[in-house]
Amino acid sequence: MTVDGEALERLNKRVRGGGAEKYHAANAAKGKLFARERVALLVDEGSFVEDGLYANALADGLPADGVVTGTATIDGRQVCLMANDSTVKAGSWGARTVEKIIRIIERAYDTGVPMVYLVDSAGARITDQVELFPGRRGAGKIFWNQVRASGSIPQVCALFGPSAAGGAYIPAFCDVVAMVDGNASMYLGSDRMVEMVTGEKTTLEAMGGAKVHCAESGVGHFLCKTEAEALDVVKRYLSYLPANWTQQPPTAEAVEAPAKADLAALVPASERQAFDMRRYVKGLLDEGSFFEIQALWAKELTIGFGRLNGEVVGVVGNNSMFKGGVLFVDSADKASRFVQLCDAFNVPLLFLSDVPGFMVGSAVEKQGIIRHGAKMITAISEATVPKICVVVRKAYGAGLYAMAGPGFEPEATIALPTAKIAVMGAEAAVNAVYANKIAAIEDEAERAAFVAAKRAEYEQDIDIVRLASELVIDTIVEPHELRAELVRRFTAARSKERHFSRRRHGVTPV
């Protein structure tokens, strides 16, 4: 059968128009854009080449089978993308939907370009479950391909609506997920299913809304107010990464650090006094270049991309403004995944240490703090990109190990004049060693003098110049010299040979 030009034009218009007008209107009322509008906002004008436009074209009410797939450029760089069309059966998956998604991920992997997921889907169509669910080219193949592509190409998700049931794993397998507050959600079972199975009465927002996942579960990375903001996150995220694991991150024009940044003034003399590591990072990096990731989750640890003299670096810093900068289960997981991300895509790592150590106590032990801490230290050990540890104020206990201390083959361990490296802080150490003797001194003044003397002895034992003299640390620099020191050292490390161990892979303590 042949199709004349007029008939083809009508078909194209129908397919590109998506679902019924009432569904477009309902989405607009929620502040949601049409899938094709999202694509147009994200990619360079005129660059989108669509695949599978006529999927299920003979069926009634299933234009493109509810998903837009194809290739395009973002800021001149090639990407592959998919976008669920929620005006078509709520963006649900049919057999051809699944096939289109599989094909575009395979193309991204085969051509070595980033894969972008614009997700807004109610999940699988139960009526099509035999065709889409169990087979060799069923929905499981989507996730298999995502796992295969992980660390080979960047994968980034912007979530505009639901990502339900098995479909929730598409965001979960991405490097990062931007979620639109009020509309985006991820959940394995709907609120009705949860009540039926467990008796719990909840709502989709309370169980799997954007705030929950960006601030509590850690599955979401960026909480966005609008769809345009989420699309900007996708663009900015990709701007720090190469197209694939074989390439280097893109270089930008060098920019100086903020002129008013006084790094010395940001760090209080007393380690009991908190300071915001995010301000320190922004004062150290090229002005305006810091791109924080997971800002709302596990805030005791700050992570993100930035640039030093135009070159991309990944930053991991303890933030004493939150929980004293102590490492917890979630912050260990946050660091582990980010370090793996940077190592996969050849992004050098900068560790800014102000860490009292890992949290102790029955609650965190039951949560598996040892296992999660081991996972973080595993990630640090396995990372072969250039890495530099800067002890800004303190690195106590296993916190030194978790922040890429000397034993983990960093390119350098740099200490600021405020730095302290020890098994524990002076107060805790004196109490641990002399608790009984301190308790036995009845005179308050005598007791205070004894404690002060022992603390002074301890501080002398861990003196930073002594550690430098014994080559534990590589240098001591003033805060105003740190940026230039880092630029020089990262430049020298660019040609580093990267190999860790003779094996297929380790057994990670997940």
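Predicted model: local features only at pLDDT ≥ 70, side-chain atom pairs only at ≥ 80, totals over all residues.
The side chain of serine 331 makes a polar contact with the side chain of glutamate 300, at 2.9 Å.

Serine 331 belongs to helix H14, which covers residues 329-344. Is this serine buried or exposed? Serine 331 is buried, because its relative accessible area is 0% and the cut-off for buried is under 20%. Besides glutamate 300, the serine side chain has another partner. It reaches the backbone nitrogen of phenylalanine 328 at 2.7 Å. Now set aside the neighbours within four places in sequence. Serine 331 is then in contact with Ala298, Glu300, Leu301 and Val326.

**Three domains**

The protein chain is divided into three domains. Domain 1 runs over 5-240. Domain 2 is made of two stretches, 263-421 and 463-493. Domain 3 covers 426-461.

Look at where domain 2 meets domain 3. Their centres, taken over C-alpha atoms, are 30 Å apart. Four residues of domain 2 are in contact with four residues of domain 3. The size of an interface is often given as the accessible area lost when the parts come together. Between domain 2 and domain 3, that area is about 380 Å². Carbon and sulfur atoms give 18% of it. On the domain 2 side, Arg272, Asp463 and Arg466 lose the most area to domain 3. Together they account for 73% of what that side buries.

What kinds of contact cross this interface? There are two salt bridges between domain 2 and domain 3. There are also four residue pairs in polar contact. The residues of domain 2 that touch domain 3 divide into no nonpolar, no polar and four charged. Arginine 466 forms a salt bridge with aspartate 461. The closest N and O atoms of that pair are 2.6 Å apart.

**Salt bridges along the chain**

How many salt bridges does the structure hold? The count is 28.

| Salt bridge | N to O distance |
|---|---|
| Lysine 211 and aspartate 181 | 2.6 Å |
| Lysine 394 and aspartate 354 | 2.7 Å |
| Lysine 496 and glutamate 411 | 3.3 Å |

Take the pair of lysine 211 and aspartate 181, which form a salt bridge. They are 30 residues apart in the chain. Lysine 211 lies in helix H10, residues 210-217. Aspartate 181 lies in the loop between strand S6 (176-180) and strand S7 (185-187). Lysine 211 counts as partly exposed because its relative accessibility is 47%. Aspartate 181 is partly exposed too, with a relative accessible area of 26%. Lysine 211 has a further link to this region. Its C-alpha atom is separated by 8.5 Å from that of glycine 182, which is 29 residues away along the chain. Leaving aside neighbours within four places in sequence, lysine 211 is in contact with Asp181, Glu216 and Leu223.

Next come lysine 394 and aspartate 354, again joined by a salt bridge. This pair links strand S13 (residues 387-396), which holds the lysine, to strand S12 (residues 349-355), which holds the aspartate. The two are 40 residues apart. Both lysine 394 and aspartate 354 are buried.

The side chains of lysine 496 and glutamate 411 also meet in a salt bridge. They are 85 residues apart. Lysine 496 sits in the segment after helix H21 (479-492). Glutamate 411 sits in the loop between helix H17 (398-402) and strand S14 (412-415). Lysine 496 is partly exposed, at 26% relative accessible area. Glutamate 411 is partly exposed as well, at 29%.

Salt bridges can also join into a network: Lys32, Arg38, Asp120 and Glu227 are linked in this way.

**Two positive phi angles**

Asparagine 56 is not a glycine, yet it has a positive phi of about 60°. It is found in the loop between strand S1 (49-51) and strand S2 (67-74). Asparagine 56 is buried, because its relative accessible area is 17%.

Lysine 89 also has a positive phi, near 50°. Its place is in the loop between strand S3 (77-84) and helix H4 (95-111). Is lysine 89 buried or exposed? Lysine 89 is exposed, with a relative accessible area of 51%.

Notes:
Residues numbered from 1 in each chain as written. Heavy atoms only, no water. Domains from an automatic or database assignment. Contact = heavy atoms within 4.5 Å. Buried area = accessible area lost by both parts, 1.4 Å probe. Salt bridge = Lys/Arg side-chain N within 4 Å of Asp/Glu carboxyl O. Polar contact = N/O pair within 3.5 Å; in protein donor to acceptor, adjacent residues only side chain to side chain. Nonpolar A, V, L, I, M, F, W, Y, C, P; charged D, E, K, R; others polar. Helix = DSSP H or I, 4+ residues; strand = E, 2+ residues; numbered from the N terminus. Buried < 20%, exposed > 50% of the residue type's maximum accessible area, 1.4 Å probe, protein only.
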